[in-house]
Amino acid sequence: MLNCPIPKSEYDKVILAHGGGGKLSHQLLEKIFFSQFDNELLNQQNDSAVFDLKDQRLAFTTDSYVVQPIFFPGGNIGELAVYGTVNDLSVSGAKPLYLSAGFIIEEGLPMDDLWKIVVSMKEAAEKSGVQIITGDTKVVEKGKGDKVFINTSGVGVVYDGINISPKRCRPGDAIILSGRIADHGIAIMSAREGLQFETTIVSDTAPLNELVEKMLNASKNIHTMRDATRGGIASTLNEIASSANVGVNINENSIPINDQVIGACEILGLDPLYIANEGKLVAFVDSNDAEKVLGVMKSHPLGVDSIIIGEVVEDHPGRVVMKTSIGSSRIVDMISGEQLPRIC
Amino acid sequence: MKYIDEYRDSKIVKNLTNEIGEITTRPWSIMEICGGQTHSIMKYNLEEFLPDKIQLIHGPGCPVCVTPLEKIEKAINIASRSDVIFTTFGDMMRVPGLNDDLLSIKAGGADVRMVYSPLDAVKIAVKNPDKKVVFFAVGFETTAPANAASVVEAERSKVKNYSMLVSHVLVPPAIEVLLSDEASKIEGFLAAGHVCTVMGYSEYEPIVQKFEVPIVVTGFEPVDILQGIYLTVKQLEENRFKLENQYSRVVTKNGNSGAKEVMFNVFEITDMKWRGIGTIPQSGFKIKNKYSKYDAEKVFDINDIKVDEPEECIAGEILQGKKKPFECDAFGKECTPEHPLGAPMVSTEGACAAYFHYK
């Protein structure tokens, strides 16, 4: 029996922007899901829920993948679905172990495409050291899906002494970014119909578990980690600033971005800070350990371009402020819906 | 990145701001016309570097912002029809109509598609011969040539199911209206570089002479804008009024003749309603009669749609530089980028959205 009234929202329908990773996504989570599923573990608002089970701390997470096109420069929906969940576990401080995989397939999907996707998932699982131990397939009528949607859930183990949470970062922490931003989003856009620009940009989709393991071995003072996926690093930093009620200061000049990505963003009127990544993390580290952690990250193939991009401050709690390339300061807000290319 | 980094160089910025500081002895109000410039000013917080005496007024040069509510309602009406594929540039999707915007009717089942070029809309028409494909042709002189070219292309390739809903506006008539207003505080203008790339700058000379106001054609990067401000302040301080071209790496006196040719082949100048300002004579484009079969206002029966602007939104005063966004009671409260009451809160080029995101 449905006895709770639907929370008042100014939207009577779900719109695409509810999935954009910005303010509307957060409102949807807060009003519809968190309000009903309310519990202590969910309220951690971490990339994975971490919980104890008979002296064993576990992390559990789930994510659905609806990327279009399903094959894109540098990857496909299958490996993305594996790496995405592996990364959500990793940045929660867990060692990823087991994944489930659920497929919603639109009738008419070429069997060859499905095969390629599944083979790449197998390879991605091997590369990440996880096993896909359960799964499900459903086929829907043509037009009721879009080729294939994949959901993966993952379980990992969290070792003693590791406590990563968005609420743990504190003033003084250094903010480390693991490499160039916005490659994934631009690679996807360049492959979409209607947008003919040629780049050699490929998605950065990659498993971060090995990198994270090295970081955690190097320091017990990593307070917070996130992989900066949908909504880009701007959304990730805003989420953390707001969760921990701290101010975040970043320096535009220190954020590495590929020239081709900058070019594409200039043409389309997009801000790379809001564009998705699939193999990049930000870590909030006690400043005394920052150089040590940075060194370890730089020695790993997925972290060679790692750099300190800013710090946590007491001022302007909940806000991200950026020193621009010309030396002025401005707020980096969370995006409302999805970035829309400008007219001119 | 070459051709960009030079114009975002912190040393050059510092030198320019020092020079502006040195020559400024009195308060001046300068309007940047173009929303692209407003966006840069906010994104780089250029005002942080300017002397307090210089006030920047953010002008009406955001095409999304000045498209009248009536046109949005016409767009929503057309897009809601089951035999229509409605195509638009991205940032028109969230402009609020009376009850809906294009994004929300899309969620309700309407076939609304974002395109990056009007020629893509023509391609969609070719691929979907059983649908009427409509492109929402919005913008200033900058986007008009490409939009006009789509009509020429449709004619050339004999596409019969393509039309445009046109809401094109022109910059010079708007400047004249702003300057003719006795309450106007504007003492100098940064003209929009990209508009002048197409049109050239010669059409601004009569305005400079008539109103005795400095106009400097200006680009969009921080260094461009600061140079434009410097040149304007220098004229004002020396009591001169001239047309100058800061953006000479792109803009010539007569503009792009090919672009103008295709534009005036398809469009003719007409009176146009501006959101928040009202009708400005001879300030927009409509499709010429010879291409009327590509004019969505003639293809669809929408001429009964008449809508007045909402009263709570002070977009008109914002767009004319009479008020700053934070002087609006609804700013950041009832009116946010998630729920814009008026168009300046929608596009990142809109003054209200720029203030909301960056201030």
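Predicted model: local features only at pLDDT ≥ 70, side-chain atom pairs only at ≥ 80, totals over all residues.
Student: Let's start with overall shape. What radius of gyration does chain B have, and why does it agree or disagree with a compact globule?
Tutor: Chain B spans about 65 × 45 × 45 Å along its principal axes, going by the C-alpha trace. With 359 residues, a compact globule would come out near 21 Å, so the value for chain B agrees with that. The radius of gyration of chain B is 20 Å.

Student: What percentage of chain B is buried?
Tutor: Chain B is built with 15 helices and 11 strands. Of its contacts between residues at least 6 apart in sequence, 78% join residues at least 24 apart. Counting a residue as buried when 20 or more other C-beta atoms lie within 10 Å of its own, the buried part of the 359 residues is 55%.

Student: In the open sheet of chain B, which strands stand at the edges?
Tutor: The sheet has 5 strands, paired in parallel, in the order β2-β1-β7-β8-β9 of chain B. An edge strand has a single partner, so one side of it is left without a neighbour in the sheet. In chain B that applies to β2 (54-61) and β9 (243-245).

Student: And how are neighbouring strands of this sheet turned against each other, on average?
Tutor: Ignoring direction, the average angle between neighbours in this sheet is 25°. For one pair, β1 (residues 28-34) of chain B runs parallel to β2(B), and 6 bridges join them. Within that pairing, I30(B) sits opposite L56(B). Back to what you asked: the average turn is 25°.

Student: Which helix packs on the sheet, touching β1 of chain B?
Tutor: The helix touches β1, β2, β7 (188-192) and β8 (215-218) of chain B. Its direction makes about 120° with that of β1(B). The helix is α2(B).

Student: How many residues does chain B bring to its contact with chain A?
Tutor: The chain A side of this contact has 29 residues. On the chain B side, the elements that give two or more residues include α1 (10-23), α2 (35-43) and β5 (132-139) of chain B, while the largest share, 3 residues, comes from α5(B). That side divides into 18 nonpolar, 14 polar and 8 charged residues. Chain B brings 40 residues.

Student: Over in chain A, which element gives the most to the side of domain 1 that touches domain 2?
Tutor: The assignment gives chain A domain 1 (45-158) and domain 2 (166-331), and 23 Å separate their C-alpha centres. In their contact, 24 residues come from domain 1 of chain A and 25 from domain 2 of chain A. The elements that give two or more residues on the domain 1 side are α2 (77-90), β5 (94-106) and α3 (111-128) of chain A. With 8 residues, the one that gives the most is α2(A).

Methods:
Residues numbered from 1 in each chain as written. Chains lettered and ligands numbered in written order. Helix = DSSP H or I, 4+ residues; strand = E, 2+ residues; numbered from the N terminus. Rg over C-alpha atoms; globule rule 2.2 N^0.38 Å. Buried ≥ 20, exposed ≤ 12 C-beta atoms within 10 Å, placed from the backbone. Contact = placed C-beta atoms within 7 Å. Nonpolar A, V, L, I, M, F, W, Y, C, P; charged D, E, K, R; others polar. Domains from an automatic or database assignment. Pairing = 2+ DSSP bridges. Axes fitted to C-alpha atoms, helices over the stretch in contact; angles between N-to-C directions.
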